[in-house]
Amino acid sequence: MEPVSLVTRTDIVDGSAVVSVTGDVDLVSAAHLRTVLEDALELSSHLIVDVAEMTFIDSSGLSALVHVHRQAADRGARMTVRHPSPMLMRLLSITRLATVLVVHDGEPQADDRRGRAEH
Amino acid sequence: MTDAAAPSTSVLLVHAADAQSATLRNALSARPELDVVDEVLTTREAIAAAERLQPRVLVMDVGLDDLVGQGVLRSVRRVAPDTRVVLHAKTTVVDDRTGIRLWIAQLVGVILDPVRPAALAARLEVPGEPLGVPMARTFVSEVLDQWDLDGLVPAAGLLVSELVANAVQHVPGPCALELTCRADVLRIAVSDSGPGMPDLRVMTPSSERGRGLHIVSAFATTWGVDQLPDGHKKVWAELDPAEVHP
């Protein structure tokens, strides 16, 4: 059986680079995700990783996220993870990454980001 | 033996009247395969209850005040020769939800162990390359589906991913994935030919590695490393159905 692969899509939305991740992130695909996120970081100082369609992530994938998050911080940019599943939130909590990687937008702010440029 | 469709194991609980004991009683009572027939507070009462009820298993806290030497066990054996005695040291239980859950899960495993017969087992030879990780995960998902344990797939897939990734990254050559299910406890084991032992590293938010085994520790009720006679090692983790996470 062919393992499920990773599909990503990068868009610019209101000045932010939004990378939508679909599929599994593990030892096979983590390096690819890292490259895609690094490339997206070249497009905007705000990188949003939308994981609504991500079906799996393990510690290899978390390492890729942490790596790019640090790269973003080093150059004065920022990276946030959007739409984490309960499973991912549990993982982030176990690994003490929840407050590092996820920005808890309030409801009004979440609405804002659709219609207003972000700086 | 009772009805074959719903075999239940009669359990007599002997412990102090405290919150942990109440948690244990409620947890065991909730298990359909267990039948808590009575709960008593002293070893003296325990002997009388064992004689009267002839339970399959007597679960006793060794911290009871009136427990003196081995006399109680001899007495139980005399009045209820077919009763198995399971002892536990409640005082060693970590006083948080995870600790108590772990303790109860282990206790249930011990209570049921000789009662539940055939184990379910499955095995996969995993190539020693990164692609082995998703292969192993797919295998686990298919096997658990067959075993009607699909609720465990998210947690089991995660454990398998971490264990196989560890083997693939640190040991050359293939590894073997074994799944066994006994007494409702799923055991995931990965054997490899490496002499090294898993390394529980200090984990900080900024470090890029060292999270895998912390994840295993958090999702498994218990896990460990067995040294095999041929110098190989087996890293295993156990998952209880009650431990299904969203």
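These legends walk through several close-up views of a predicted model. Residues are numbered from 1 along each chain as its sequence is written, chains are lettered from A and ligands numbered from 1 in the order in which they are written. Because the model is predicted, local features need pLDDT of at least 70 and side-chain atom pairs count only at pLDDT 80 or more, while totals for chains, interfaces and linings use all residues; side-chain values use heavy atoms, with hydrogens and water left out.

**View 1. Getting to know chain A.**
Let us start with the elements of chain A, which holds 5 helices and 4 strands. Helices (H or I, at least four residues) and strands (E, at least two) are DSSP runs, numbered from the N terminus. Read from the N terminus on, the order in chain A is β-β-α-β-α-β-α-α-α. Of the 119 residues in chain A, 50% are buried. Here, buried means under 20% relative accessible area, exposed means over 50%, and partly exposed is in between (1.4 Å probe, protein chains only).

**View 2. A:S44 and its two polar contacts.**
This view turns to the loop between α1 (30–41) and β3 (46–57) of chain A, where A:S44 is found. With a relative accessible area of 9%, A:S44 is buried. Which backbone atoms does the side chain of A:S44 reach? One is the backbone oxygen of A:G15, at 2.7 Å. The other is the backbone nitrogen of A:H46, which lies 2.9 Å from a polar atom of the A:S44 side chain. A polar contact is a pair of N or O atoms within 3.5 Å; within protein, one must be able to donate a hydrogen and the other to accept it, and residues adjacent in sequence count only if both atoms are side-chain atoms.

**View 3. B:R137 meets two aspartates of chain A.**
Salt bridges come next: a side-chain nitrogen of Lys or Arg within 4 Å of a carboxyl oxygen of Asp or Glu. B:R137 forms a salt bridge with A:D24, and their closest N and O atoms are 3.0 Å apart. A:D24 sits in strand β2 (residues 16–25) of chain A and B:R137 in helix α5 of chain B, so this pair joins two chains. B:R137 also meets A:D26 in a salt bridge, at 2.9 Å from N to O. A:D26 belongs to the loop between β2 and α1 of chain A while B:R137 is in helix α5 of chain B, so this pair joins two chains as well. Are these residues buried or exposed? A:D24 is buried at a relative accessible area of 12%, B:R137 is buried at 9%, and A:D26 is buried too.

**View 4. Salt bridges within chain B.**
How many salt bridges does the structure hold over all chains? The count is 13. One of them joins B:R187 and B:E238, with the closest N and O atoms 3.0 Å apart. B:R187 is partly exposed, with a relative accessible area of 25%, whereas B:E238 is buried at 18%. Look as well for B:R123, B:E125, B:E178 and B:K234, which are linked in a network of salt bridges.

**View 5. A negative patch on chain B.**
Which residues form this negative surface patch? They are B:E142, B:D145, B:D148 and B:D150. Patches are made of residues with over 30% relative accessible area and no salt bridge, with like charges joined within 9 Å and nonpolar side chains (Val, Leu, Ile, Met, Phe, Trp, Tyr) within 5 Å. B:E142 lies in helix α5 (residues 132–146) of chain B, and at 35% relative accessibility B:E142 counts as partly exposed.

**View 6. Loop residues with a positive phi.**
A:H83 is not a glycine, yet has a positive phi of about 60°. Its place is in the loop between β4 (78–82) and α3 (86–94) of chain A, and A:H83 is partly exposed at 36%. In chain B, B:Q54 is not a glycine either and has a positive phi of about 45°. B:Q54 is in the loop between α2 (43–53) and β3 (57–61) of chain B, partly exposed with a relative accessible area of 38%.

Methods: Accessible areas come from the Shrake-Rupley method with a 1.4 Å probe; for residues, only the protein chains shown count as cover. Lys and Arg count as positive and Asp and Glu as negative; His and the chain ends are not counted. The place of a charge is taken as NZ of Lys, CZ of Arg, CG of Asp or CD of Glu.
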